[in-house]
Amino acid sequence: MLIAADKFKGSLTAVQVAERVMAGLRRVVPGVEVEALPVADGGDGTVDAAVAAGFERREVRVAGPLGDELTAAFALRGDTAVVEMAEASGLQRLPAGVFAPLTSSTYGSGELLRAALDAGARTIVFGVGGSATTDGGAGMLSALGARFVDAVGEPVAPGGAALSDVATADLSGLDPRLTSVDFVLASDVDNPLTGPKGAPAVYGPQKGASPDDVEILDAALGHFAAVLEKSIGSRATEYAAAPGAGAAGGIGYGALVLGARFRPGIEVMLDVLGFAPALERATLVITGEGSLDEQTLHGKAPAGVAAAARAAGKEVVAVCGRLALRPEALGRAGIRRAYPLTEVEPDIARCISDAGPILETVAQNIARDFLT
């Protein structure tokens, strides 16, 4: 049996989900063989999933989204690094209740990438999601050697709103090592940089952006891409429209400018984590995440796990905190049955606060249904 579940956001990490499910299964069938492979789709928790799969955790001091110094981590195994932008520039790095949609920066994410290069990485999987930022990756590019100046030659301020002041983009100082690495942009969203489906319009409100802020950011990012076109040619405009450019406040765009290739986050992570050989050994796969809903079907970890398992002819069930998908939708995704915590405990607040013990009970139900 293989447990390949993502985190229950706000309650349990992916590692804790695997531990609780394993404990519940073994209460019913003590000798059951269980393999745990915590997964992530590129968003927050990606480094933890890599470490659980045998990568080494490396810590470095970088700038947070507001410029304050903090400790962030990336994962390294051999010459492959897993870098998670949320470690440096994620919403969880802001003080409680504080949002800074116009001024937060991805500079620290660039510092994390530089640290991975310093550690000898030749392949970098860059997981993006959960960002506090909407700066088009300008901060990240700056940390890697790019210069963005205004009409009088002064460096522009951090954050997305200030991109409207960029007069010149100079990428000649970018770290030369970037040209010799396999740089993979791992994301579960395929939005373009700007427009009705762009980063500011779709994700800005989650980061505290008002309707006026969204307009400011969308115009600033459009201007940023236009200035970059003067520096690197028509590629700048092509990248802005490309799938994944709008990921994590447009840091996907910055990654594409650096030469990254876009791949769905869960596909990349399953490759990196060694999912295929683990799947081969399994008879039943248990996947899941905090909420199984329509978003799950569009590139989230459980959908990726289920698709791979179905292709291998393996049966899949899912655990979740909340279930908002009908059985036929689950079936189309390759999930035979879902087990929400709310079936055991109807009180949603308790499901969040006591997720671990309730999940163990849910796992006992799975064991009774499939192992006895």
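This is a predicted model: local features need pLDDT of at least 70, side-chain atom pairs count only at pLDDT 80 or more; totals for chains, interfaces and linings use all residues.

Student: What is the corresponding result for helix α15?

Tutor: Helix α15 (residues 355-370) has 16 residues, and its first and last C-alpha atoms are 22 Å apart, close to the 22 Å expected.

Student: What makes α4 mostly covered?

Tutor: A residue is buried under 20% relative accessible area, exposed over 50% and partly exposed in between (1.4 Å probe, protein chains only). In α4, nine of the 12 residues are buried, among them Leu 112, Leu 113 and Leu 117. Just after this helix, Gly 120 takes a positive phi of about 95°.

Student: Which elements cover the buried residues of α15?

Tutor: Contact means heavy atoms within 4.5 Å. The covering elements include α1 (14-28), β11 (284-292), β12 (315-323), β13 (337-340) and α14 (348-353). Among the buried residues of α15 are Ile 358, Leu 359, Val 362 and Ile 366.

Student: How do you know that β9 is largely enclosed?

Tutor: Strand β9 (residues 182-187) has six residues, and five of them are buried, so the rest of the structure largely encloses this strand.

Student: What makes β6 and β9 a pair of strands?

Tutor: Two strands pair if DSSP finds at least two bridges between them. Strand β6 (residues 123-127) and β9 have five bridges, in the parallel sense. One of the bridges joins Ile 124 to Phe 183 in β9. On the same criterion, β9 pairs with β10 (residues 261-264) in the parallel sense over four bridges, with Val 184 opposite Arg 261. Strand β5 (residues 80-84) and β6 also pair in the parallel sense, over five bridges; there, Ala 81 has Ile 124 as its bridge partner.

Student: What is the order of strands in the open sheet, and which are its edges?

Tutor: Six strands form this open sheet in the order β3-β4-β5-β6-β9-β10, with mixed pairing. The edge strands are β3 (56-63) and β10, since each pairs on one side only. Axes are lines fitted to C-alpha atoms, for helices over the stretch in contact, and angles run from 0 to 180 degrees between N-to-C directions. Neighbouring strands of the sheet are turned by 30° against each other on average, direction ignored.

Student: Which strands does helix α9 lie across?

Tutor: Helix α9 (residues 247-257) lies across β6 and β9 and runs at about 160° to β9. Helix α10 (residues 265-273) runs at about 85° to β10.

Student: Why is the pair of Phe 148 and Phe 224 called edge-to-face?

Tutor: Rings of Phe, Tyr and Trp (its six-membered ring) pair if their centres lie within 6.5 Å; planes under 30 degrees apart count as stacked, over 60 as edge-to-face and the rest as tilted. A search of the whole structure finds three aromatic pairs. Phe 148 and Phe 224 lie 5.3 Å apart, centre to centre, with 70° between the planes, and form an edge-to-face pair. Phe 148 is in strand β7 (residues 147-149) and Phe 224 in helix α7 (residues 211-232), so the pair ties together parts 76 residues apart in sequence. Ring pairs link these two residues and Tyr 253 into a cluster.

Student: Why does Leu 228 count as buried?

Tutor: Leu 228 has 0% relative accessibility and therefore counts as buried. This residue is found in helix α7, and its contacts include Phe 148, Leu 171 and Tyr 253.

Technical notes. Residues are numbered from 1 along each chain as its sequence is written. Side-chain values use heavy atoms; hydrogens and water are left out. Helices (H or I, at least four residues) and strands (E, at least two) are DSSP runs, numbered from the N terminus. The expected span of a helix is 1.5 Å times one less than its number of residues. Lists of a residue's contacts leave out its neighbours within four places in sequence.
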